[in-house]
Amino acid sequence: MGQSLNSLPASSPVRACWRGRDAQEQEIPVIYACAKIALHWVGWEPESSNAALRQGDQHNSRTFQIAACGGAMMLAQRTEEHRKFFEEDSEAAFFSGALELRDKLGFWLDASREGQRRAIAGPPASAV
């Protein structure tokens, strides 16, 4: 499992954004509507003896919540189901590993691509 925010160094840029608690379910639409990019992971356990857990989730409820809220462009793990639901780089962006994730974040957060990123994300739900 990843490092907790409580163990991050005080100099970490993530620490400045953390509010000391988990987001509540009713806050999620506001977070998505206000963010530029919503990172989306699906779960799997590649070392499990259970075949279903090794295959893992191909999508989950967040797949559709992010898209429905607008505002944030979904940057999700590349799965066959994600690719069936959304056209890559037109309706959502996908990554397959940490290096590609880093590259995609840099690409999509570049100010010169703001209009393209917003078109992929769609308008915030309150504007619809």
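So what covers the buried residues of helix 5? The cover includes strand 1 (37-40), strand 2, strand 3 (93-95) and helix 6 (114-121). When I say helix or strand, I'm talking about DSSP runs, numbered from the N terminus: H or I with at least four residues for helices, E with at least two for strands. Buried means under 20% relative accessible area, exposed means over 50%, and partly exposed is in between, with a 1.4 Å probe and protein chains only.

Quick housekeeping: this is a predicted model, so local features need pLDDT of at least 70 and side-chain atom pairs count only at pLDDT 80 or more, while totals for chains, interfaces and linings use all residues. Residues are numbered from 1 along each chain as its sequence is written, and side-chain values use heavy atoms, with hydrogens and water left out.

Back to helix 5. Its buried residues are Leu 101, Lys 104 and Trp 108. They cover an arc of only 65° around the axis, so they sit on the same side of helix 5; that arc is taken from the directions from the helix axis to the C-beta atoms. Turn to the face away from the buried side, and you find the exposed residues Ala 98, Leu 99 and Arg 102.

Now pick out Leu 105, also in helix 5 (residues 98-109). Is Leu 105 buried, exposed or partly exposed? Its relative accessibility is 24%, so Leu 105 counts as partly exposed. Contact here means heavy atoms within 4.5 Å. Ignoring neighbours within four places in sequence, Leu 105 is in contact with Ile 37, Leu 39 and Leu 75.

Over in helix 6 we have Arg 117. With 2% relative accessibility, Arg 117 counts as buried. Again leaving out neighbours within four places in sequence, Arg 117 is in contact with Lys 36, Ile 37, Gly 71, Met 73 and Trp 108.

Let's zoom out. The chain has 6 helices and 3 strands, and from the N terminus on they run α-β-α-α-β-α-β-α-α. Of the 128 residues in the chain, 28% are buried.

Next, the cores. A nonpolar core is a set of buried Ala, Val, Leu, Ile, Met, Phe, Trp, Tyr and Cys residues joined through side-chain atoms within 4.5 Å. The largest one has 11 residues in all, including Ile 28, Tyr 32, Phe 86 and Phe 94. Helix 1 (28-34), helix 3 (61-69) and strand 2 (73-77) each supply at least two residues of this core. Apart from it lies another core, of 9 residues, among them Ile 37, Met 73, Ile 120 and Ala 121.

Last stop: aromatic pairs. How many does the structure hold? There are 3. Rings of Phe, Tyr and Trp (its six-membered ring) pair if their centres lie within 6.5 Å; planes under 30 degrees apart are stacked, over 60 edge-to-face, and the rest tilted. Take Trp 41 and Phe 95: the ring centres are 5.8 Å apart and the planes are at 70°, so this pair is edge-to-face. The two are 54 residues apart, with Trp 41 in the loop between strand 1 and helix 2 (51-55) and Phe 95 in strand 3. Trp 41 is partly exposed, at 45% relative accessible area, whereas Phe 95 counts as buried, at 4%.
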